Amino acid sequence: MACQSAAAAAAMDEQALLGLNPNADAPYRQRALAYFEQLKESHDAWEVCAQALAKGLYSDDHVKFFCFQVLEYQVKFRHGGLSGGQRQLIRETLMKWLQRQLLSAQPEKIFVRNKAAQVLALTFVAEYPALWPDFFFDILALVGLDPRGVDIYLRTLMAVDGEVVDRDVLHAPEETRRNTLIKDAMREQCIPNLVESWFQILHTYQRSHPELTCQCLEVVGAYVSWIDLGLIANQRFVDLLLSHMSVEELREEACDCLLEIVNKGMDPADKTKLVESLAQVLQSAGFFCVEQEEEDVDFLAKFSRLVNGMGQSLVLSWSKLAKAGSADEAGAALRALEAKVALVLRLLAHPDDDISANVVAFCYEYLQVLKQLPELSHGQKSNMEAIMLAVVKKLTYDDEYNFDNEGEDEAMFVEYRKQLKMLLDRLAQVSPELVLDSVGRVFADTMGKWQSASFKEVEVAIRLLYMLGEALPASHGAHFSGDAVKSGALQDMMATLVTCGVSDYGHTSVTLEFFETVVRYDKFFTVEPQHIPGVLMAFLDQRGLRHNSPKVRSRVAYLFSRFVKTLHKHMTSFIEDILTRIQDLLELAPPDKTFPAPLTSDDQLFIFEAAGVLIVSSESPAERKRALMRSLLAPLVDAFRLLLDKLSLETDEETQAAVADCLSHAVGFVSRTSKAFSNKQTVKQCGCTEVYRDCLHAFLPALSCPVQREALRSCVRSFLHRMIICMEEEVLPFVPAASEHMLKDCEAKDLQEFIPLISQITTKFKVSPFLQQVFMPLVLAIFEALGRPADANDQAAALEKQMLRRSYFSFVHTVAGSGMSEVLANQGAENVERVLFTLIQGAVDFPDPIAQKTCFAVLARLVELWGGKAGMTGFRDFTYKHIVPACFLAPLKPTFDLSDAQTVLTLAEVAVTLKMVFVQQGPELLEFLQRDYLPSLHVCPDVAQELCHVLQQPDVKVLKTYLKMFFQRSGQ
């Protein structure tokens, strides 16, 4: 017995233990937590927990769990620092606790048993094989076949698997090496004994203790992947597992165990023999006779996973053997594989989707095998037809599908449908003719009787037509040209779809599938444009945009926009009729929501975009287009003005927010119509410049509104972005006033979002007078926002400032890099110096590699522009006093992490900056570095000379590589 210290003999803190109760008050819980930390960190105080467990001093489950947690910490994090006596104490504690389980009147709670097993497993990992080579022998000798002892033994084995084997757990390289050593030692020393114990447990408890048997089957499944398969895949073990397949409580776990055996990595020929022998045993026992109405769907779900695993193993064996040129063995694997297809097809077509889904992977891989064969047999073709029939059947909605309130079951069916779609796509790769013919038959039969067919039949028929678009792909959606058979069949089906009246079918799933398919095959209407008016009416009436389902209306709004954008050239003769019909859908919903709007504001965006496209693409003269666009936008502008006046007078915050929301929608709708203008077809050519200029006049006053500034500024700013693209220089007169308003009383986030607008104008127009005017007000507003005090713990505010700082540096980079550096140079010496110092500060002081990289890029550009003899006055001194030192001070900071990819990019910019200074200053820089600066950093003369030599190399890549090595060496 290990000697116990005085600390171990002491009693536990009973008051602290009261806090372990889940219902304890906060102060008690706090005390318990503090006590836990005390015991964890103490050299020997934790020994009281070992004593409590060994002697069974406490009956409270939470105290026992607490004691195991303390032991767990010692084993997991402090084992190397424990004395030999303390390690022995832990071993003895665990064995004494285990012995008590065999004698106890009641078993421990499961959470206590799991924690005990975890501590046992951690102790095993820490001490096997060097310190406790007989770990499992000691446990087996103690527990024998006692059910409670066996339970802990099996839980420990699973915990060991989690620590040593489980591939889902990421391990450090050192842990991986340790785990390999443990497994090697176990194979050599104890695995045969463990396997024998598993057999005895399975045999002894299969009737009396099914829960122990299931635990043991789980253990076998977990360990079989890395132990000698011959210990498990033998007559007595397989017979035992097969007998479990007939016991209701065991059959599911037995399936999982057999699947793990099947999945074990091995030689492909041996794997084929293993799977075949298992298949023969299962078939002889009647398991391959799957009844479609089998009541135990949980078992069939497990069984289908087993069959799928067997099939996939055979596919893999065939593939390896075929590649290796082993014709006979590959043929055997293919025959074995083919023999499973009939069973798999029954499972694929099973009414339960979980059972069916479990074999989709094998079917997919089987089709891949068929794709590689030079010629298909009659049986293989029949198998493909059967898979096609099963896919059609299983794609059909269940009666229980809840379209009004889609939950988890519905989401699972949608995912299952995606798997079936992949199967259909693979079928089409093997035999496009089969898929086209099958879909054609189903579609023609169903459309011929759609009035009397169930919604499920109608929906799946249209769905199959829709799925052909990806199953039989065509370049840029050109399904109606090229292969005459395919294009003819698709054209016939589409003509049937749009003329048979199925769009009148009342179910939402059919309606949605109709419109989705119409838009997927929009190229059909370029071949047969006579069908466009009929489909447009479906979009515009109660079948589409006026359907009673909000879900349908919402989706159709998007699809209508796509339909119009693709086919607007074929709609020129009835554009104004369409605009009249959708007029009520373009009304701005009032902020008080006095009437239910047919479409949400997001849905209306698509309708406005479609309206814009129709107007712009019409063959009307510019005057008529202008009139139509004004008619479309004037109600929005008028409503905006009225609402803005109302907002200025409104005092209720909730109403203010609703009005601001409405104003944002109005601006968003106008902005969305501008998407109709392409680069070639400007607003000016369509005569609409004046219309959008009027919109700008109406919207800009919102920037001076004293309330709801964030929402209003955001929408007007977005509108200005669009107008810069569409109206180009026409928008410039509006920008100075807009900028002035947006720079007043602004927050960090406002500025961060405003900077891209100024950068866009700078890059696009290079307007020096405007930029000259706005530059310093913008910079000063940024400085003011960055200088505002904020709570040190406010992470959101800190992030906003970081993002603003990045935006500011990017803006200066845009100005310097777009040929407009004179704007910066003309700001006056004091302001220029201030900006330059912010660049040095950003490069050195803030540990943000993204911002640092931008700062060095700006500094390099300014050195290029101003660093020569004819450069800005005083810039040469600034270069030597600040820019060159920054190139060294930044990488020398502890926060400059050269293992981070972004930081390495920053270092590359440092190299470019130094190189640019050398280009401008030549030998003068080398003299400064060697004589003055590098000695101040305690860089030895040899290294300084080496750096200067590299700096003179023509390729800057050499300097980049050298600097990384230089600063890595400096950091050591």
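Helix 22 and helix 24 are roughly parallel to each other, a term that applies to angles under 35 degrees, whereas those over 145 count as roughly antiparallel, 65 to 115 as roughly perpendicular and the rest as oblique. The structure is a predicted model, in which local features need pLDDT of at least 70 and side-chain atom pairs count only at pLDDT 80 or more, while totals for chains, interfaces and linings use all residues. Residues are numbered from 1 along each chain as its sequence is written, and side-chain values use heavy atoms, with hydrogens and water left out.

The axes of helix 22 (residues 432-447) and helix 24 (residues 484-499) cross at roughly 20° and come within 11 Å; axes are lines fitted to C-alpha atoms, for helices over the stretch in contact, and angles run from 0 to 180 degrees between N-to-C directions. Helices (H or I, at least four residues) are DSSP runs numbered from the N terminus. The crossing of helix 22 over helix 24 is left-handed, that is, the near helix is turned anticlockwise from the far one by less than a right angle. In this pair, Leu-436, Val-439, Gly-440, Phe-443 and Met-447 of helix 22 meet Val-485, Lys-486, Ala-489, Met-493, Thr-496 and Leu-497 of helix 24, contact being defined as heavy atoms within 4.5 Å. By class, the contact of helix 22 with helix 24 comprises eight nonpolar, two polar and one charged residues, where Ala, Val, Leu, Ile, Met, Phe, Trp, Tyr, Cys and Pro count as nonpolar, Asp, Glu, Lys and Arg as charged, and the others, Gly among them, as polar.

Helix 42 (residues 875-892) packs against helix 43 (residues 901-921) at an angle of about 150°, with the axes 10 Å apart, which makes helix 42 roughly antiparallel to helix 43. The contact is formed by Arg-876, Thr-879, Tyr-880, Ile-883, Val-884, Cys-887, Phe-888 and Pro-891 of helix 42, together with Leu-907, Val-910, Thr-913, Leu-914, Val-917 and Gln-921 of helix 43. Ten nonpolar, three polar and one charged residues make up the contact of helix 42 with helix 43.

The largest pocket has a volume of about 620 Å³; on a 1 Å grid over the protein atoms alone, a pocket is an open set of points with protein on both sides within 12 Å along at least five of seven lines, a cavity is a set where a 1.4 Å probe fits but cannot get out, and lining residues have an atom within 4 Å of a point. Of the 25 residues lining the largest pocket, Tyr-397, Arg-417, Arg-463, Leu-512 and Glu-513 are the closest to its centre. Helix 25 gives the most to this lining, with six residues, and the lining as a whole has nine nonpolar, three polar and 13 charged residues.

One cavity of 30 Å³ or more is present, a volume being the space filled by probe spheres set on grid points joined across faces, edges and corners. The largest cavity is lined by Arg-713, Arg-717, Met-742, Cys-746, Asp-750, Leu-751 and Phe-754, with helix 36 giving the most, three residues. This lining divides into four nonpolar, no polar and three charged residues.

Two backbone features were also identified. Tyr-128 and Pro-129 are joined by a cis peptide bond with omega of about 0°, and Pro-129 lies in the loop between helix 7 (110-127) and helix 8 (135-143). Gln-708, although not a glycine, has a positive phi of about 55°.

How values were computed:
Helices (H or I, at least four residues) and strands (E, at least two) are DSSP runs, numbered from the N terminus.
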